[in-house]
Amino acid sequence: MSVIDVQADVQRLVLAGSGSGARQATHVLLEVMDGSSARQVLDRELADVDDGHRHDWSDVRSVADRPCSRDLPVSVTIAFTERGLAQLGVAAAELATFPLEFRQGPHVRSAPLGDIGPNRPENWLDPFRADRKLDVVIIVWEEHGGTYGESLVARFGAGTSGLRCLETYAGALLEGDREPFGFVDGKSQPWIREGRPPGDDTPPDGVEPEPLGEFVLGHPTQFGDDVRRWRVPGRGPEAQRIGFNGSFAALRVMAQDVPAFEEWKKRKGSEAAEQACGIRRDGKPLPDGPPINSHVGRANPRQPLVSRSHHRRRLLRRGIPAHWVGPDGPENGLFGLFVCASLAAQYEGVLAEWIHHGIHDPSLSGTNDPLVGYQGPLGESFVTTRGVAYLFLPGRSALQRILGG
Amino acid sequence: MVIGEVASAASAAPTSHPAATPVVQSPAVVIQRVMNVVMPLRAPKEDEGETMALLKARLVMALATERDAITTGLDNLGSIHFARFNLINNDLHLISVYDGTLQGYVQEFTVQIGSAFDRIMSFVADWPPESCADDARPVSVRDHPAEFVEWVMAHDIVQIPRDPTDVVARARAPDAGDDGAGRSSDDVGRLIEDALVKQFEACPHANLSVHRGYAGRTVAQIRDALQLGW
């Protein structure tokens with residue numbers, strides 16, 4: 001497949017982000033009650049959006065420059081859990097070819113990932129609980145004040161859709177693109193050539209491009225041009241499988257205790273806060289780079305690792321700040337969406353080995369991330385996991401096949 | 001796999017970094033994990049005059065050829081406390097203690113010693129798995145880390161906690177929706193026995209206990225303290 005084909009087939013969020021005009025997101029969490037009607041409804045709804053919006057790569061790049069109708073979103077992301085694929089009619093034999101961690105789901109795999117104590121799955125928001133039936137996640141990315149997300153939810157709620165809306169969660173970029181603790185977010189992302197517009201595909205100085213296959217299935221990875229590394233789920237020739245041009249993502253809902261963090265910052269000073277996060281408040285790098293025991297330093301260690309073979313575990317961060325009602329009232333935080341080719345090797349590897357246990361460095365071993373880790377009943381923790389879903393984002397031709405039955 | 005895994009009681013290791021605080025949960029979830037993979041040898045090719053003894057001899061020779069690659073590769077991983085192969089009956093055992101997640105560990109070693117492992121796997125039954133049937137190229141563990149991890153997990157024998165009553169204690173935890181009320185210790189004993197009988201009917205092997213001489217310490221810490229190539 002040529003580069004252009006890839007760009008047309010991979011969901012826009014993966015390579016290009018939500019689109020530069022997008023300032024808000026509606027996360028629609030759905031249960032599939034009836035596979036056949038759900039397929040029809042999803043197909044129809046998404047076909048609407050396809051018109052000039054989702055499908056045309058040139059639109060993706062110029063969305064900020066043209067008048068955008070409030071009636072249509074900037075982009076729409078669609079993702080499925082393992083249960084969701086089954087409910088929509090993907091055969092068991094095909095599902096069996098998906099990676100184990102995706103089939104098991106986040107509840108089984110939670111303990112090494114820092115989802116312990118107050119973070120444990122028993123405490124997650126209702127739609128993310130193990131006994132709930134989260135099948136489909138649709139994220140509608142819109143301009144500020146857009147109403148498409150709301151109208152979509154109303155249409156799904158009509159009763160004949162074969163879908164049941166478990167919950168919707170609203171997200172919106174904060175002023176200055178800051179995350180709730182006040183750090184400018186999103187500056188550091190893996191650089192993928194296929195995600196760049198034509199004519200802007202030279203990497204900045206000192207930036208090593210990440211191969212497409214680190215994030216999109218069926219393409220070369222960091223291990224070499226002919227090494228696929230991650231099996232493309234499905235049957236038959238690679239390019240025709242359900243997994244081709246698809247990606248995996250972990251949706252990780254993280255409540256941020258802003259008052260506690262502010263209070264801690266008042267005591268320790270704002271420099272300590274920047275040291276804990278690993279970047280300056282304005283999102284620029286610290287003069288000496290991220291400290292090894294900072295959030296940024298642990299999430300992507302630059303220092304020599306205990307392993308002499310440092311395999312990169314990069315993640316595309318496609319999340320958005322959001323607010324919701326938690327067990328003790330309203331909460332702020334992030335709907336983090338971590339996109340990768342292998343949840344086990346990338347998302348789980350980063351979380352379990354680097355962020356939450358620090359096995360890569362003798363001074364960090366057995367310790368937790370100062371910003372996002374759980375520090376125990378006596379320590380000061382600022383971030384609480386409120387839900388995790390393991391999702392598959394099919395390429396568009398695979399999506400058509402799924403929805404076509 | 002682990003039945004009701006009991007994490008090590010040891011507290012997290014002290015650290016030299018002032019800002020780093022210990023994880024609260026027992027680190028055995030990620031630090032000093034145990035792997036006991038029992039791999040049945042394939043049937044000897046009798047029509048080519050291969051006996052089981054000859055198959056084993058050839059396996060030993062193959063391991064000897066790959067020894068340097070394996071040693072260097074495992075050393076480079078930097079997360080392995082120790083690893084060894086045993087031949088017991090007609091099974092090849094891979095016993096190891098490592099830091100990290102099983103998938104992280106196995107995926108790394110498929111890169112480091114993938115070709116050596118391909119050679120070893122040619123002596124083993126039921127590899128590659130059926131899910132690789134559609135693959136055009138020969139199945140190498142290097143290209144199939146996810147499948148290999150699943151295969152390893154399926155052959156990693158059950159780890160029975162040192163105190164099996166813990167399995168039942170877990171089943172009785174409030175989160176499991178059972179407060180344990182009305183159960184006598186006899187009931188509990190019977191539950192354990194039933195669970196173990198089922199287990200041994202399904203698979204004759206089990207890992208019964210692990211003692212950790214320096215619990216909670218990573219390979220990184222040991223190497224650093226002993227100045228072994230950190």
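A:K284 is partly exposed, with a relative accessible area of 48%. Here buried means under 20% relative accessible area, exposed over 50%, and partly exposed in between, taken with a 1.4 Å probe and the protein chains only. The side chain of A:K284 meets that of A:D282 in a salt bridge, 4.0 Å from N to O. A salt bridge is a side-chain nitrogen of Lys or Arg within 4 Å of a carboxyl oxygen of Asp or Glu. A:D282 is also partly exposed, because its relative accessibility is 27%. Side chains of opposite charge can pair when their charged atoms come close.

This is a predicted model, in which local features need pLDDT of at least 70 and side-chain atom pairs count only at pLDDT 80 or more, while totals for chains, interfaces and linings use all residues. Residues are numbered from 1 along each chain as its sequence is written, chains are lettered from A and ligands numbered from 1 in the order in which they are written, and side-chain values use heavy atoms, with hydrogens and water left out.

Over all chains, a search of the whole structure finds 28 salt bridges. In one of them, the side chains of A:E348 and A:R109 meet at 2.6 Å, N to O. This pair links distant parts of the chain, 239 residues apart: A:E348 is in helix α12 of chain A, and A:R109 is in the loop between α7 (100-104) and β3 (136-142) of chain A. Helices (H or I, at least four residues) and strands (E, at least two) are DSSP runs, numbered from the N terminus. Both A:E348 and A:R109 are buried. In chain B, B:R58 forms a salt bridge with B:E50, and their closest N and O atoms are 2.9 Å apart. B:R58 is partly exposed at 41% relative accessibility, whereas B:E50 is buried at 3%. Salt bridges with shared partners also join A:E31, A:R83, A:D135 and A:R164 into one network.

The next topic is the nonpolar interior. A nonpolar core is a set of buried Ala, Val, Leu, Ile, Met, Phe, Trp, Tyr and Cys residues joined through side-chain atoms within 4.5 Å. The largest such core has 103 residues, and those touching the most other members are A:L85, A:F128, A:I138, A:F156 and A:Y347. Helix α12 of chain A (residues 343-355) gives the largest share of this core, eight residues. Apart from it lies another core, of 32 residues, including B:L77, B:Y105, B:F148 and B:W151. Contact means heavy atoms within 4.5 Å. Neighbours within four places in sequence aside, A:L85 is in contact with A:F80, A:V90, A:L95, A:F98, A:F102, A:F392 and A:I402.

Helix α8 of chain A (residues 148-156) has the buried residues A:Y148, A:G149, A:L152, A:V153 and A:F156. They lie on the same side of α8(A) because they cover an arc of only 135° around the axis, the arc being that of the directions from the helix axis to the C-beta atoms. An α-helix has 3.6 residues a turn, so residues three or four places apart point the same way. The exposed residues A:E150 and A:A154 are on the face of α8(A) turned away from its buried side.

Chain B has eight helices and four strands, in the sequence pattern β-β-α-α-β-β-α-α-α-α-α-α. Of its 230 residues, 43% are buried. Among contacts in chain B with a separation of 6 or more, 70% are between residues 24 or more positions apart.

Some loops of chain B have backbone features to look at. B:Q32, in the loop between β1 (21-22) and β2 (33-40), has a positive phi of about 60° although it is not a glycine. B:Q32 is buried, with a relative accessible area of 4%. B:N89, in the loop between β3 and β4 (91-98), also is not a glycine and has a positive phi of about 50°. At 63% relative accessibility, B:N89 is exposed. A cis peptide bond, with omega about 0°, joins B:W127 and B:P128. B:P128 is in the loop between α4 (114-121) and α5 (145-155) of chain B.
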